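Here are my notes for you, as numbered points. Have the model open beside them as you read.

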Amino acid sequence: MSWKVLQCWGMDNNCWNPFADYPELKEAYLSVVADIIRQARKEALKRYDAAHGDDSWSHGVRAFAWSKFALTEGTKEYPWLTSLDAVPRLRATFAIGGRPFRFYRGIPKEPPSRYLTRTFAEIRQFQFVLKFDGARSIDKVLRIAVETNEQGETTDVTLVEVDKRGRVTNSYLIPLAVAKTNVVLAQAPAVNVRPPMVAPKKSEQQQQKAAEQAKKKNG
Amino acid sequence: MSTTLFPNEAFWGERLQIAREFCGLTQAKLADEVSASPALISLCEKGRKPFPAHDLIQAFAEVLGFEPEFFYGPVEDIFREEECSMRHRRSTPEILKAKIRAHGTLIGMVINRLRSVLHFPEQNIPHAPATSIEDIEKASEQCRKYWELGIDGPLNQIGRVLENAGVVIIPNLVKSDVDAFSRCGPTAIVFLNQAIKSTSRWHFDIGHECGHLVMHRGIPTGTVETEDAANRFASAFLMPRKAFGREFRMPSFDWKHIFALKRRWNASAQAIVRRGYDLGLLSAVEYRKAYKYMSWKGWTSNGEPEEPAFQEPELLSLALNSLGTTVELTMEALCKELHFTPNTFKEVTGFSVRSPRSKATNIVSFAR
């Protein structure tokens, strides 16, 4: 099934364009976040060692912790990605362009109840920041659902919109990787202005001397 | 015996007025300080008392911080009210404005003397009267082209643009009531308020005064119209519409983008947001929200984060630093010729002169 078809499987069979409702989200941003999570889970999976007692629980804990850590590291690289927690918390909350989200492993249709409650960081972000930034107030929360197969490999990463009652109202399958464009905005370089100059004036004697020297040179 | 100081020379009332205004004194206050009547001070200033008593002139000199000789001889270039543009609050008292104009006249004396020994950049300011928004935008673009700055990129050193055009920039205003002051005349000057800690605001103030110099030559300024026009000119000069418009566009309002623009264009976030609104790139609602946010953050009153690096005006300091090195005239001799006391010289120029008393005359170098 192509991702375009998947994109349209929404709860009410609607094709949801999250960028219309949340202009601060961008396809490229979501794609980066999905890749970070996917990569972190892949690395965690490499460390899975059943011979030493790893099971699905220990793998799940490690994968979540590593994903959280990778996203926190990502905030240093991407100015649009921020961690909303002043101190590291188990219920990690991040934001894309100021719009908060949390992530979980599971199917998009049925987010676990513990991931539906709004964290303090989310509430604060809505009340104090988004209003001032002029963002549209939407009484819904965003979650990122990470689906895996039986081997623990990440299959799909989906953006999910959940209303106050915990019902998934919209979802958007995040494309695997948005091709990086090499088109950049043409920017003229800044103008560097030369420093001003003051030069001493020549005295009459100096001027005479210069004139005599010039005469001699000219023969 | 004559009771006047220089019996063959007439006392110059305008000089007394300049010195008094520079000290921020009223006629009544000066009269009180020198134990004379305000009427006498007024007569002296109007030139109706060409030979005041010796002790009165000495008293003027003592109170006002000049040598008695200062009060003799004509002033070549007085900064008149109609030539000056001041960026100030409406409540700014007249005495403060007079003090700034007097300061300008005194610095003009210093520059005139420096011009006799040094080549300053020639005054080269285009004249482009403009009142409509379109004309102001065009005037700013003409200026950029005239000074070969192009209309596509930010200016890294806006102060140098004016200094290369023969305008002396002086960071000497200390009162917070006046942001900037400019004068277009034989000596073109821009005073900036060094109490303002924001470099981006300095840049805008230079652009604003540049607007007055270009558009309002010979026109009385200080009205809402002329100030708005100068603000628009500063915006357009710092952020030309086409290039800035291309870079400003964003899908939704984003402070990170505004600060990226601030770093590139060396203008305040406030000026960037306003420019976006003026060019129709931001709606009125977005502009008001952004302004409210800046106000809430304290950026409008306490300064903004991520300020560009400070750029010290260079022309006057270059000239004064060359005294005694590349030219024979020393700073002490300049101060003496102008009949300023060392303290007054420092107040006028911001440069210290060694007091004649502090000179060590009894030090003899060891023979080799």
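1. Let me begin with the fold of chain A: of its contacts with a separation of 6 or more, 53% are between residues 24 or more positions apart. Contact here means heavy atoms within 4.5 Å.

2. A word on conventions. This is a predicted model, where local features need pLDDT of at least 70 and side-chain atom pairs count only at pLDDT 80 or more, while totals for chains, interfaces and linings use all residues. Residues are numbered from 1 along each chain as its sequence is written, chains are lettered from A and ligands numbered from 1 in the order in which they are written, and side-chain values use heavy atoms, with hydrogens and water left out.

3. Chain A has six helices and seven strands, in the sequence order α-α-α-α-β-β-β-α-β-β-β-β-α. Helices (H or I, at least four residues) and strands (E, at least two) are DSSP runs, numbered from the N terminus. Of the 219 residues in chain A, 39% are buried; buried means under 20% relative accessible area, exposed over 50%, and partly exposed in between, with a 1.4 Å probe and protein chains only.

4. Have a look at Thr154(A), which lies in strand E5 (residues 154–162) of chain A. Its relative accessible area is 17%, so Thr154(A) is buried. Beyond neighbours within four places in sequence, Thr154(A) touches Arg38(A), Arg41(A), Val146(A), Glu147(A) and Thr148(A).

5. On to the aromatics: there are 32 aromatic pairs over all chains. Rings of Phe, Tyr and Trp (its six-membered ring) pair if their centres lie within 6.5 Å; planes under 30 degrees apart are stacked, over 60 edge-to-face, and the rest tilted. Tyr78(A) and Trp80(A) make a tilted pair, 5.1 Å centre to centre with 35 degrees between the planes. Tyr78(A) is partly exposed at 22% relative accessibility, whereas Trp80(A) is buried at 11%.

6. In chain B, one aromatic cluster is formed by Phe11(B), Phe60(B), Phe66(B), Phe70(B), Phe71(B), Tyr72(B), Phe340(B) and Phe345(B).

7. How do helices H6 and H9 of chain B cross? The axes of H6 (residues 133–146) and H9 (residues 224–238) come within 9 Å and cross at roughly 45 degrees, so H6(B) and H9(B) are oblique to each other. Angles under 35 degrees count as roughly parallel, over 145 as roughly antiparallel, 65 to 115 as roughly perpendicular and the rest as oblique. Among the residues that meet are Ile133(B) and Ile136(B) from H6(B), and Phe233(B) and Phe237(B) from H9(B).

Terms used:
Axes are lines fitted to C-alpha atoms, for helices over the stretch in contact, and angles run from 0 to 180 degrees between N-to-C directions.
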